[in-house]
Amino acid sequence: MASLLTHPVVPAALGIALGKRHIPGSALFLGILLSVIPDADVIAFKFGIPYGDMLGHRGLSHSLLFAAVMALCLCALPRFSNHRGRIFLFLFISAASHGLLDAMTTGGMGVGFFIPFSGDRYFLPVRPIRVSPLSVKGFFTGRGWLIFQSELVWVWLPCTVAAVLGILWQRRAKARA
């Protein structure tokens with residue numbers, strides 16, 4: 001998996017790029033939350049559920065269905081009544097980005113994008129992100145630093161560029177208005 005430090009970078013960058021006018025702070029917070037929630041599936045190990053099970057790590061909670069259901073439930077909140085479509089799309093991308101980042105890692109069993117309809121697990125053709133350990137303790141080692149470096153290059157840097165370009169685009173639009 002990509003680390004819990006890195007998953008929130010995608011919705012944060014997207015929210016910054018689109019601006020508060022399009023993605024209010026409450027939606028940004030929920031997007032960040034949705035980007036990390038899928039890894040709560042590691043609790044399955046405590047209940048003896050194997051990694052490769054539908055309810056195991058990188059299973060149902062990493063699926064596109066899970067992302068859609070979570071986004072649909074949260075965009076139904078009254079505060080989003082004027083922009084449900086936009087908020088749904090933002091929240092869906094935020095949740096789905098978790099599985100996409102994990103599918104770019106160098107280890108694990110792949111991601112069950114289509115669970116419960118298919119138990120197959122997938123990686124993306126490009127897998128430049130070093131897989132992160134499942135424990136917090138394992139991340140704070142020399143190996144953890146190498147993992148974080150790959151995340152900086154393949155996630156943080158592109159997301160930072162996207163956020164900066166979004167800010168510049170917003171300023172340009174304001175200047176024209």
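**View 1. Helix α1 and its buried residues.** Let's start with helix α1, residues 9-18, where V9, V10, P11, A13, G15 and A17 are buried. This is a predicted model, so please read each view with that in mind. Just past the end of α1, look for G19, whose phi is positive at about 90°.

**View 2. The whole chain, for orientation.** Stepping back, the protein chain holds 6 helices and 0 strands, and from the N terminus on its elements read α-α-α-α-α-α. Along the principal axes, the C-alpha atoms fill a box of roughly 55 × 35 × 30 Å. How does the radius of gyration fit a compact globule? For 177 residues such a globule would have a value near 16 Å, and the protein chain has 17 Å, which agrees. Of these 177 residues, 41% count as buried. If you are thinking about contacts, take those between residues at least 6 apart in sequence: 63% of them join residues at least 24 apart.

**View 3. The F45 and Y51 pair.** The structure holds 6 aromatic pairs, and one of them joins F45 and Y51. Their ring centres are 6.2 Å apart and the planes make an angle of 45°, so the pair is tilted, as this class lies between the 30 and 60 degree cut-offs. Is F45 buried or partly exposed? With a relative accessibility of 36%, F45 counts as partly exposed.

**View 4. The F148 and W156 pair.** Here F148 and W156 form an edge-to-face aromatic pair, with 5.8 Å from centre to centre and 75° between the planes. F148 counts as buried because its relative accessibility is 17%, under the 20% cut-off. W156, in turn, has a relative accessible area of 29% and is partly exposed.

**View 5. An aromatic cluster.** Which residues come together in one aromatic cluster? They are F113, F114 and Y122.

Technical notes
Residues numbered from 1 in each chain as written. Predicted model: local features only at pLDDT ≥ 70, side-chain atom pairs only at ≥ 80, totals over all residues. Heavy atoms only, no water. Helix = DSSP H or I, 4+ residues; strand = E, 2+ residues; numbered from the N terminus. Rg over C-alpha atoms; globule rule 2.2 N^0.38 Å. Buried < 20%, exposed > 50% of the residue type's maximum accessible area, 1.4 Å probe, protein only. Contact = heavy atoms within 4.5 Å. Phe/Tyr/Trp six-rings, centres within 6.5 Å; stacked < 30°, edge-to-face > 60°.
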